[in-house]
Amino acid sequence: MIRKKRYIVTVRKYIRKIASFLLTKDVAVFLLFLAVAFFFWLMHGTGSRREIKIEIPLEYTSIPSDIKLDSELPRSLTFVLKDEGKELWGYMKKKNIEPVKIDLSADFDGSGVLEKPVDELLSRISPRFAGSTQIVSVTPSVIQAQYTRLQSKKVPFTLATKPPLAPQHILLDSILLSAHEATVYGDMAALDTISEIRLVFPDGQLSKTSDIKLSPSDIYKGIAITPSTVDAHIGVEMSTEKSVTVRITAVNFPKNVSLRAFPGEAKVTFTVGLSRFNQVTAHDFAVEVDYNSLKEKGFNGRTKLRVTRRPDYVQKVRVSPAEIEYIFEEEL
């Protein structure tokens, strides 16, 4: 502890000596002349014409979907500029330079080589510079890349999975997609293996009606897909369980044969959205026994019940009892 205090005292002495030296008249005069000299040097430097290099980023738009670039396009243009120092200083200190956007929609002529002279862009770039600034050179002078034109075909969009609903929630209606068909681009070997484009849902559970974007599954390699995303409208609401009693119906029976079922009614239980709870009734369902499936079994026995009609908006439908006893009664 004593050694630490001695160290602090020693440091303070040195700081006082340095401060007293810097605050002397001679040092103050020296610093003044140094500032004046720097000012005259700065005036001389900014008043003479010099050269600097700056880079302007490039951004490419409207590349057709059936075009595959086989070599990389230049990411920027390097300008050598000549002007007085004050103008050049302004260019050097500028950050976040706005990129030049280049529309390539009409530049693929089928030759396999994209060539776009930079001179065509100078009329758009030159206004960024002062009138006194001279463009000494631009590199590269030509925007160039190799490309291949791809084959294409149309395939349907399908959903890879069911929508990820929150617990005790249900779909209100069918999912509405902004596009039902995709155009896929690639070589024929790749296209021959594709019959559909499966869309995947983003992470997260849905607890209310939502508009979301679906993306193609990442299983598709080496092809381009248009559109690259699909808008989906998904109606979602809380659900509850409901049961209705439905009379069992005999179908495909001959006119002289009737069915006696034990019991004659079945309870149908299902999940339905809260907004339709009162809307759905027993008349929306049909529970049937089909003569064609029983005629080989004889005139009495047991058979499973089938729910053959139900609203599209209900889920998890089950019938109780699952089986009934029956007797055929034949009229003579």
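**Rings, charges and a sheet**

Me: In this predicted model, are Y91 and F129 buried or exposed?

Reply: Y91 is buried, and F129 is buried too. Each therefore falls under 20% relative accessible area.

Me: What makes Y91 and F129 an aromatic pair?

Reply: Their ring centres lie 5.6 Å apart. The cut-off is 6.5 Å, so they pair. A search of the whole structure finds 8 aromatic pairs.

Me: Why is the pair of Y91 and F129 called edge-to-face?

Reply: The angle between the planes is 75°. Over 60 degrees counts as edge-to-face, so the label holds.

Me: Why does this pair tie together parts that are apart in sequence?

Reply: Y91 belongs to helix α3 (residues 85–93), while F129 sits in the loop between α4 (119–125) and β6 (134–139). The pair therefore links parts 38 residues apart in sequence.

Me: Which residues form one aromatic cluster?

Reply: F253, Y291, Y326 and F328.

Me: How do you know that K242 lies over the face of F277?

Reply: K242 is 4.7 Å from the ring centre of F277. The limit is 6 Å, so the distance passes. A charge over a ring must also be within 35 degrees of the ring normal.

Me: What is the distance for R276 and Y313?

Reply: The charged end of R276 is 4.3 Å from the centre of the Y313 ring.

Me: What makes β1 and β4 a strand pair?

Reply: 4 bridges join β1 (residues 49–61) to β4. At least two are needed, so they pair. The two strands run parallel. L58 has V100 in β4 as its bridge partner.

Me: How do you know that β1 and β3 pair?

Reply: They share 9 bridges, in the antiparallel sense. The requirement is at least two, so this pairing qualifies. E51 is bridged to K82 in β3.

Me: Why are β4 (100–103) and β6 called edge strands?

Reply: The open sheet has 4 strands, ordered β4-β1-β3-β6, with mixed pairing. β4 and β6 each pair on one side only. From one strand to the next, the twist averages 30°.

Me: Where does α3 lie relative to the sheet strands?

Reply: Helix α3 lies across β1 and β3 (76–84). It runs at about 155° to β3.

Methods: Residues numbered from 1 in each chain as written. Predicted model: local features only at pLDDT ≥ 70, side-chain atom pairs only at ≥ 80, totals over all residues. Heavy atoms only, no water. Phe/Tyr/Trp six-rings, centres within 6.5 Å; stacked < 30°, edge-to-face > 60°. Buried < 20%, exposed > 50% of the residue type's maximum accessible area, 1.4 Å probe, protein only. Axes fitted to C-alpha atoms, helices over the stretch in contact; angles between N-to-C directions. Contact = heavy atoms within 4.5 Å.
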